[in-house]
Amino acid sequence: MSRFVIFLLAVWALMACTTQNTKTQMPTNDSVAAQMTSTKANTPIDSTPTMQPQLPDTSTIYSEEDGGMTQIENKLFTNTTLKALYQLTLILGDIDNAELLLPQLPNKSQEVEVNVNGLISINYTITPGKATIEMEYEGGVTTLILQQRDTGVNRTIIHSAD
């Protein structure tokens, strides 16, 4: 009987040690890398790009005025120029009907009649270090302001309803 009790105590101690080890033992970078390479070797190559988690954009400031009739988006872009940021804004489509804007930021002020998709005209006001583009719609105005700063270019997009 005493041998049986000693055997049970030994089994119990062994189980307690192995349970405790699995809880506290963390995989090392080497073991994780080895597991990943062995898994990669056995799986077919996938050409689908992996999605990186999107961090919230804390450099953009959004505000509303006039009870929601005016929405303002303000963001500072570093290491860029007025013309480069204008091109980026067109490419990304950050404003509605960006395809109707001139493909290049003009060197001098001008007005362009459009009359497409409710967009009546686009007024470009160009001054040294600042470009203001007003898109006049039948129901309001969208204003794009690009202003040179010492650390980059500040872009303000204002949506104003009539």
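**Entry 1: layout**

I read the elements of the protein chain from the N terminus on: α-α-β-β-α-β-β-β-β-β. That comes to 3 helices and 7 strands. Helices (H or I, at least four residues) and strands (E, at least two) are DSSP runs, numbered from the N terminus. I note that the model is predicted: local features need pLDDT of at least 70, side-chain atom pairs count only at pLDDT 80 or more, and totals for chains, interfaces and linings use all residues. Residues are numbered from 1 along each chain as its sequence is written, and side-chain values use heavy atoms, with hydrogens and water left out.

**Entry 2: whole-chain totals**

I looked up burial for the chain. Of its 162 residues, 25% count as buried. Buried means under 20% relative accessible area, exposed over 50%, and partly exposed in between (1.4 Å probe, protein chains only). The accessible surface of the chain is about 12,000 Å², and carbon and sulfur atoms hold 58% of that. The areas come from the Shrake-Rupley method with a 1.4 Å probe; for residues, only the protein chains shown count as cover. I then checked contacts, meaning heavy atoms within 4.5 Å. Among contacts with a separation of 6 or more, 33% are between residues 24 or more positions apart.

I turned to β7, residues 152–161. How many of its residues are buried? The count is 7 of 10, so the strand is largely enclosed by the rest of the structure. Two strands pair if DSSP finds at least two bridges between them. On that test β7 pairs with β2 (residues 70–78), antiparallel, over 9 bridges. In that pairing I find Q71 opposite H159. β7 also runs antiparallel to β6 (residues 140–149), with 10 bridges. There L144 stands opposite I157. A hairpin with 2 residues joins β6 to β7.

**Entry 3: N154**

I picked N154, which sits in β7. N154 has a relative accessible area of 14%, so it is buried. Its side chain makes a polar contact of 3.0 Å with the side chain of N74. The criterion is a pair of N or O atoms within 3.5 Å; within protein, one must be able to donate a hydrogen and the other to accept it, and residues adjacent in sequence count only if both atoms are side-chain atoms. Leaving aside neighbours within four places in sequence, N154 touches N74, K75, L76, I145, L146, Q147 and R149.

**Entry 4: the salt bridges**

I counted 2 salt bridges in the structure. The cut-off is a side-chain nitrogen of Lys or Arg within 4 Å of a carboxyl oxygen of Asp or Glu. Side chains of opposite charge can pair when their charged atoms come close.

The side chains of D94 and R155 form a salt bridge at 2.7 Å, N to O. D94 lies in the loop between α3 and β3 (110–116), so its pairing with R155 in β7 ties together parts 61 residues apart in sequence. D94 is partly exposed, at 32%. I record E73, D94 and R155 as a linked network of salt bridges.

**Entry 5: I122**

I moved to I122 in β4 (residues 119–127). Is I122 buried or exposed? It counts as buried because its relative accessibility is 0%. Its contacts, not counting residues up to four places away in sequence, are L100, L101, Q110, E111, V112, V114, I133, E134 and M135. I also took the C-alpha separation of I122 and T143: 9.5 Å, for residues 21 apart along the chain.

**Entry 6: a surface patch**

Which residues form a nonpolar patch on the surface? I find L88, I91 and L92, with about 310 Å² of accessible area together. Patches are made of residues with over 30% relative accessible area and no salt bridge; like charges are joined within 9 Å, nonpolar side chains (Val, Leu, Ile, Met, Phe, Trp, Tyr) within 5 Å. L92 belongs to helix α3, residues 82–92. At 52% relative accessibility, L92 counts as exposed.
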